[in-house]
Amino acid sequence: MNIDAHSAIVILSVLVVLSYLFNYLAKQLRIPSVLLLISSGIGLKFAAGYFGFVVPSTKILLEILGITGLIFIVLEAALDLKIERSKFSLIGRSFVSALILLALTSGLIAWGFMIYFSIEFNQALLHAIPFSVISSAIAIPSVKNLEDDKREFIVYESTFSDILGIVLFNYVLFDQISGAGSILTFGKDIILIVIISVISTAFLVFLLSRTTSHVRFFLTFAILILAYSFAKSLHLPSLILVLCFGIVVNNFNLFDYPLMRRYLSFDRLTEVTKEMKLMTAETAFIIRTFFFLLFGFSLNLSLVADKEVILMGVGIIVVTLLVRFIFLQYVLKINSAPLALIAPRGLITILLFFTIPEDKRLVNLSEGLLFVVIGITGVMMMVGLLLNKQRPEEKIEDLI
């Protein structure tokens, strides 16, 4: 049985309403809304089968939503970040945390894959990286009620983790992690993406400042996605471009000089920034909603119930939790259990996993493992948020 257009519109509208309800429940019960969305997707799969509805393949749509969702989620985070001298130390700690934890966690998981599956380290690392990246798509919306310092730490850390994870994944994918020229190649790529980011950001900010049309935001988003795709085609860490644009738009007052006022309308930028934050948040919400619903819908539940998958998922979680707790506790000197538990896996994990080419993918490593890891890290984050609720007086400065 095929779904007619009217029924499809009704179903989509109901799902959006449910997603708003899930967000409300998530704030009240500290349950990550992503778990509710994935569960709903699974329920829709059963319902479609029961009523005999025929649904076309969702793989391509899932990938499209994943890429655009990642762009809008990072942009939403960047539009919320203020650059102040007092925050340089916090930004530095967040970057170090994202970098070191990504390297340690992916290295240990890859070592486990290498032994268990009897494969080379590069192939093992390619599969380990997706499970080592903190998902900003889940972390950022979930920590809005934390104290400012903790919230900003998680926002910066998860954003850096996404960017660094994609950079590392691309290098491993194209066999660039070995050889004497790898460092030079990395440096060249960073310089190139910075140049592209500066040019693109300058053009987009000028466009926002001068354009009076009411549809300027989706024009800006389209150009931003085009620039992102161009950088991506060159195998560059293109999320840096999105991050750069968002931070500049939210901190345009730092460029308030007489020369810049000849080209930019700062009064208009003030108004535009507020509107863009709302538009970006709404768009990210819609994309995130349908991405996780589709993921749940496309999930093969028989893979989730496999004993080997569950044990492997638990092993990954144990490595993740131990490494994160030890690093935060003894290296960064952050005596905060909530922060150690807030390290969800989600959109970026799914997106990177599905990006692994068929000729390099491990047949025995299924998407069921994705669900197990995402589910357990979501529960861990829920526990962390509940623990934080019991200790609202703590701040990062008090814990370091």
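Biologist: How many salt bridges does a search of the whole structure find?

Modeller: This is a predicted model, in which local features need pLDDT of at least 70 and side-chain atom pairs count only at pLDDT 80 or more, while totals for chains, interfaces and linings use all residues. Residues are numbered from 1 along each chain as its sequence is written, and side-chain values use heavy atoms, with hydrogens and water left out. A salt bridge is a side-chain nitrogen of Lys or Arg within 4 Å of a carboxyl oxygen of Asp or Glu. By that criterion, the number found in the whole structure is three.

Biologist: How many residues apart in sequence are the parts that Lys 87 and Glu 152 tie together?

Modeller: The side chains of Lys 87 and Glu 152 meet in a salt bridge, with N to O at 2.9 Å. Lys 87 lies in the loop between helix 3 and helix 4, whereas Glu 152 belongs to helix 7 (residues 148-173), so the pair ties together parts separated in sequence by 65 residues. Helices here are DSSP runs (H or I, at least four residues), numbered from the N terminus.

Biologist: Are Lys 87 and Glu 152 buried or exposed?

Modeller: Buried means under 20% relative accessible area, exposed over 50%, and partly exposed in between, with a 1.4 Å probe and protein chains only. On this scale, both Lys 87 and Glu 152 are buried.

Biologist: Which residue forms a salt bridge with Arg 324?

Modeller: Arg 324 is buried, with a relative accessible area of 3%. Its partner lies in helix 7 and Arg 324 in helix 14, so the pair ties together parts that are 167 residues apart in sequence. The closest N and O atoms are 2.8 Å apart, and the partner is Glu 157.

Biologist: What is the handedness of the crossing in which helix 3 passes helix 16?

Modeller: Helix 3 (residues 59-78) and helix 16 (residues 347-355) pack with their axes 10 Å apart and at an angle of about 135 degrees. That makes helix 3 oblique to helix 16, since angles under 35 degrees count as roughly parallel, over 145 as roughly antiparallel, 65 to 115 as roughly perpendicular and the rest as oblique. The crossing is left-handed.

Biologist: What is the phi of Ser 118?

Modeller: Most residues other than glycine have a negative phi. Ser 118 is found in the loop between helix 4 (88-117) and helix 5 (121-128), and it is exposed, with a relative accessible area of 66%. Although Ser 118 is not a glycine, its phi is positive, at about 55 degrees.

Biologist: What is the area of the nonpolar surface patch that includes Val 314?

Modeller: Val 314 lies in helix 14 (residues 307-331) and counts as partly exposed at 37% relative accessibility. Patches are made of residues with over 30% relative accessible area and no salt bridge, like charges being joined within 9 Å and nonpolar side chains (Val, Leu, Ile, Met, Phe, Trp, Tyr) within 5 Å. The members here are Ile 310, Val 314, Val 318, Leu 322, Phe 325, Ile 326, Tyr 330 and Val 331, and the area is about 720 Å².

Conventions: Areas by Shrake-Rupley, 256 points an atom, 1.4 Å probe, with all protein chains shown as cover. Helix = DSSP H or I, 4+ residues; strand = E, 2+ residues; numbered from the N terminus. Axes fitted to C-alpha atoms, helices over the stretch in contact; angles between N-to-C directions. Left-handed = near helix turned anticlockwise from the far one by under 90°.
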